[in-house]
Amino acid sequence: EYLRAQPAVNETEAYVAKAGQGITEDRMVLETQVLTARSVVWPQPLQLDEEQFRKNVEQRVKSEMAAGEATVTNPEMLRMMRQEVAQRVEESLRKAVQLEYRAIRPGGQQTYRFLGLGDAKDSNRPIIFRFKFESGSNRPDEQYKVTFSFTGADLRVQPVTLGQFQTIPLSPAVIDAEGGVTVGIINGDRVNMVANPQDITFSPGSMEISYSSGGFRTNFFKCIAVLWLKLAFLAMLAICAGTFLSFPVACLVAFATFLAAEGATFIAGALENYSTEDRDGKVLLLPTVVSKIAAAVSNVFRVYSELRPTARIVEGLALSWGEIAGGVIVLSGATGLLFVLAV
């Protein structure tokens with residue numbers, strides 16, 4: 001708040017730009033991305049032809065069950081094997097399709113649709129397109145040129161630093177009557193017809209459109225309240241462990257739980273790109289076991305991790321009352337249960 005009242009870059013005093021400028025870029029970023037509460041929408045997932053997808057799953061299951069049907073004679077065991085294989089194949093294929101949808105080959109183009117921006121259009125608020133692309137080893141000395149097209153706007157060639165978040169401010173005029181924005185991305189410089197050397201990809205949550213939907217102060221105190229709630233859960237966990245474990249072991253339990261809880265969202269994202277099959281579609285035992293354990297840990301602490309109060313303050317993201325209510329119910333319930341067990 002102190003820095004907010006100081007002159008930004010190219011301002012003579014706070015909120016007063018130098019002659020010939022309406023609002024400086026520095027002030028725009030501060031007010032629309034940092035000291036604010038932004039609502040965020042992400043691109044819609046690829047809509048599959050479910051009928052064709054089911055046929056592909058059945059064909060894959062039939063191929064994998066051929067060896068089992070030749071050696072297993074028990075009908076009940078065969079049924080359970082088929083059910084397990086079908087579930088695994090469906091999960092694997094869905095993940096592979098979405099991964100392909102989030103990858104763009106050199107010179108190729110992909111279109112993504114963002115919905116839920118009706119409030120930004122009605123209030124005529126500026127919107128922010130934020131993205132992070134990855135390619136190869138994300139060399140810091142390498143810069144790609146990516147071409148963007150937005151609804152009703154001209155092509156825009158943007159220099160992109162790999163592995164880093166970047167933003168493009170957009171006019172609310174790009175929002176259509178349905179409250180959506182269609183974004184076309186070309187892996188290369190379409191104006192000069194130069195493609196980038198490798199595919200570009202983005203992970204879930206690494207491409208978004210946001211707009212200011214609330215004030216910074218209210219959001220700040222919401223996040224502080226959530227931090228206290230998370231601290232209460234961890235404190236009660238430590239107390240509960242201390243009632244029947246030695247001090248070092250109780251500390252280890254508390255710290256290990258803290259790390260697992262805070263990293264649950266990261267683990268869930270990492271599992272999107274973690275392969276449990278080889279190129280021939282055969283199941284890899286150790287990666288499958290690791291994936292199952294990681295998914296279980298991620299699911300247990302999902303509510304705790306997804307609240308992310310500190311990250312929301314830093315990134316200027318709104319914490320809704322609904323999210324707070326869900327977090328209060330789950331974390332208060334867990335804290336109360338630990339208190340009963342400790343007693």
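This is a predicted model: local features need pLDDT of at least 70, side-chain atom pairs count only at pLDDT 80 or more; totals for chains, interfaces and linings use all residues.
How are helix 7 and helix 8 oriented to each other?

**View 1. Helix 7 packs against helix 8.** Helix 7 covers residues 264-272 and helix 8 covers residues 285-300. Their axes sit 9 Å apart, and the packing angle is about 140 degrees. Angles over 145 degrees would count as roughly antiparallel, so this pair of helices comes out as oblique. As for handedness, helix 7 makes a left-handed crossing with helix 8.

**View 2. Side by side: the residues where helix 7 and helix 8 meet.** From helix 7 come Ala264, Ile267, Ala268 and Leu271. Helix 8 answers with Ser291, Ala294, Ala295 and Ser298. Sorted by type, the contact has 6 nonpolar residues, 2 polar ones and no charged ones.

**View 3. Tyr112 and Phe202, one ring pair picked from the whole structure.** Searching the whole structure turns up 14 aromatic pairs. In this one, the ring centres of Tyr112 and Phe202 are 5.3 Å apart and the planes are at 80 degrees, which makes the pair edge-to-face. The two partners are 90 residues apart, so to speak a link between distant parts of the chain. Tyr112 belongs to strand 5 (residues 109-114), while Phe202 lies in the loop between strand 13 (200-201) and strand 14 (207-214). Both Tyr112 and Phe202 are buried.

**View 4. Zooming out to the aromatic cluster around that pair.** Ring pairs join Tyr112 and Phe202 into a cluster with Tyr101, Phe114, Phe129, Phe131, Phe133, Phe148 and Phe150.

Conventions: Residues are numbered from 1 along each chain as its sequence is written. Side-chain values use heavy atoms; hydrogens and water are left out. Axes are lines fitted to C-alpha atoms, for helices over the stretch in contact, and angles run from 0 to 180 degrees between N-to-C directions. Helices (H or I, at least four residues) and strands (E, at least two) are DSSP runs, numbered from the N terminus. Angles under 35 degrees count as roughly parallel, over 145 as roughly antiparallel, 65 to 115 as roughly perpendicular and the rest as oblique. A crossing is left-handed if the near helix is turned anticlockwise from the far one by less than a right angle, and right-handed if clockwise. Contact means heavy atoms within 4.5 Å. Ala, Val, Leu, Ile, Met, Phe, Trp, Tyr, Cys and Pro count as nonpolar, Asp, Glu, Lys and Arg as charged, and the others, Gly among them, as polar. Rings of Phe, Tyr and Trp (its six-membered ring) pair if their centres lie within 6.5 Å; planes under 30 degrees apart count as stacked, over 60 as edge-to-face and the rest as tilted. Buried means under 20% relative accessible area, exposed over 50%, partly exposed in between (1.4 Å probe, protein chains only).
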